[in-house]
Amino acid sequence: MSIAMASASFSLQLKAIEKSRAFDIPTSKFAPAAGFGPFSSVAVSFGQGRLSSSPTSLIARASSATALEDGNPSETNEIPTPKVIIDQDSDPNATIVEITFGDRLGALLDTMSALKNLGLNVVKANVFLDSSGKHNTFSITKADTGRKVEEPELLEAIRLTIINNMLEYHPESSAQLAMGVAFGAVPPAQQVDVDIATHITVSNDSPERSLLYVEAADRPGLLVDLVKIITDINISVESGEFDTEGLLAKAKFHVSYRGKAIIKPLQQVLANSLRYFLRRPTTEEASF
């Protein structure tokens with residue numbers, strides 16, 4: 001079922017860059033009282049099917065950069081890949097947020113507190129373990145309505161707030177996160193080549209909708225920008241999922257045009273528009 005979402009400018013990311021160091025932004029800055037700006041209605045929801053091969057979950061506070069939940073130091077120097085997933089389709093009544101960072105997650109009390117400062121309620125929290133580590137999953141609703149989050153600006157604020165907490169309480173994660181380049185204690189050793197990292201595919205999922213998959217180098221505001229570009233060419237985003245996996249962002253959207261799957265020419269227009277937006281900036285020739 002489509003959810004009315006928003007597609008306006010995301011002033012939050014600019015404030016984050018201008019006003020913070022090490023992405024240390026007071027979460028109250030993200031609160032609804034601060035406002036995310038006006039936006040027009042867009043049909044959108046996120047999260048049908050998983051993009052990652054393993055379950056994922058939410059990130060928490062640890063007592064030190066390399067501490068486990070029980071306080072013992074990690075037995076390996078290998079830093080796991082941080083993952084943050086925003087899932088809008090698994091639960092019709094709540095936004096599901098999952099984060100994993102190997103076995104380095106704590107109780108996530110600071111993360112839950114930061115989310116509450118965004119005007120959100122954590123209605124359920126689950127923890128589970130598998131071969132990839134410890135996973136925490138939160139079911140989130142808006143405090144004022146009791147409904148799942150619909151605005152892409154607020155979904156992006158959730159993502160950036162979680163990454164902010166990860167950089168603060170797990171500073172070693174900055175070497176694995178795209179945000180670590182500007183805001184982390186230790187920037188990634190290698191930068192992602194934007195052109196090589198970008199992958200876009202569009203295929204028919206059913207007579208009523210198509211499946212759009214986008215993989216690109218992560219950066220603040222990417223979720224909002226992707227939704228805006230799609231809706232700017234009159235394509236509706238019906239459902240999907242947005243994953244942050246280390247330096248990359250992976251988005252899967254179910255899209256349609258006037259209630260039907262997107263025809264091949266429009267698929268090409270959509271792919272070209274996204275590819276143009278995501279490609280490496282080039283220096284324009286100076287005019288004299």
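Helices (H or I, at least four residues) and strands (E, at least two) are DSSP runs, numbered from the N terminus. This is a predicted model, in which local features need pLDDT of at least 70 and side-chain atom pairs count only at pLDDT 80 or more, while totals for chains, interfaces and linings use all residues. Residues are numbered from 1 along each chain as its sequence is written, and side-chain values use heavy atoms, with hydrogens and water left out.

**View 1. The protein chain has 7 helices and 10 strands.** Of its 288 residues, 52% are buried; buried means under 20% relative accessible area, exposed over 50%, and partly exposed in between (1.4 Å probe, protein chains only). Contact means heavy atoms within 4.5 Å. Among contacts with a separation of 6 or more, 74% are between residues 24 or more positions apart. The chain exposes about 13,500 Å², and carbon and sulfur atoms supply 52% of that area. Accessible areas come from the Shrake-Rupley method with a 1.4 Å probe; for residues, only the protein chains shown count as cover.

**View 2. Helix 3 covers residues 152-169.** Its 18 residues reach 26 Å from the first C-alpha to the last, close to the 26 Å expected at 1.5 Å a residue. The expected span of a helix is 1.5 Å times one less than its number of residues.

**View 3. E156, R159 and D218 are linked in a network of salt bridges.** A salt bridge is a side-chain nitrogen of Lys or Arg within 4 Å of a carboxyl oxygen of Asp or Glu. By this rule there are 8 salt bridges. The side chains of E156 and R159 form one of them, at 2.8 Å from N to O. E156 and R159 are 3 residues apart in helix 3, about one helical turn. E156 has 0% relative accessibility and counts as buried. A salt bridge also joins the side chains of R159 and D218, at 2.9 Å from N to O. R159 lies in helix 3 and D218 in the loop between strand 8 (209-217) and helix 6 (222-232), so this pair ties together parts that are 59 residues apart in sequence. Both R159 and D218 are buried.

**View 4. K228 and D232 form a salt bridge.** The N to O distance between their side chains is 2.8 Å. Both residues belong to helix 6, where they are 4 residues apart, or about one helical turn. K228 counts as partly exposed, at 32% relative accessibility.

**View 5. E238 is buried and has no salt bridge.** This residue lies in strand 9 (residues 236-245). Which side chain of opposite charge is nearest to E238? It is R209, 4.5 Å away. For charge, Lys and Arg count as positive and Asp and Glu as negative; His and the chain ends are not counted. The side chain of E238 does make a polar contact with the side chain of S256, at 2.4 Å. A polar contact is a pair of N or O atoms within 3.5 Å; within protein, one must be able to donate a hydrogen and the other to accept it, and residues adjacent in sequence count only if both atoms are side-chain atoms.

**View 6. D195 is found in helix 5 (residues 194-197).** D195 is partly exposed, with a relative accessible area of 37%.
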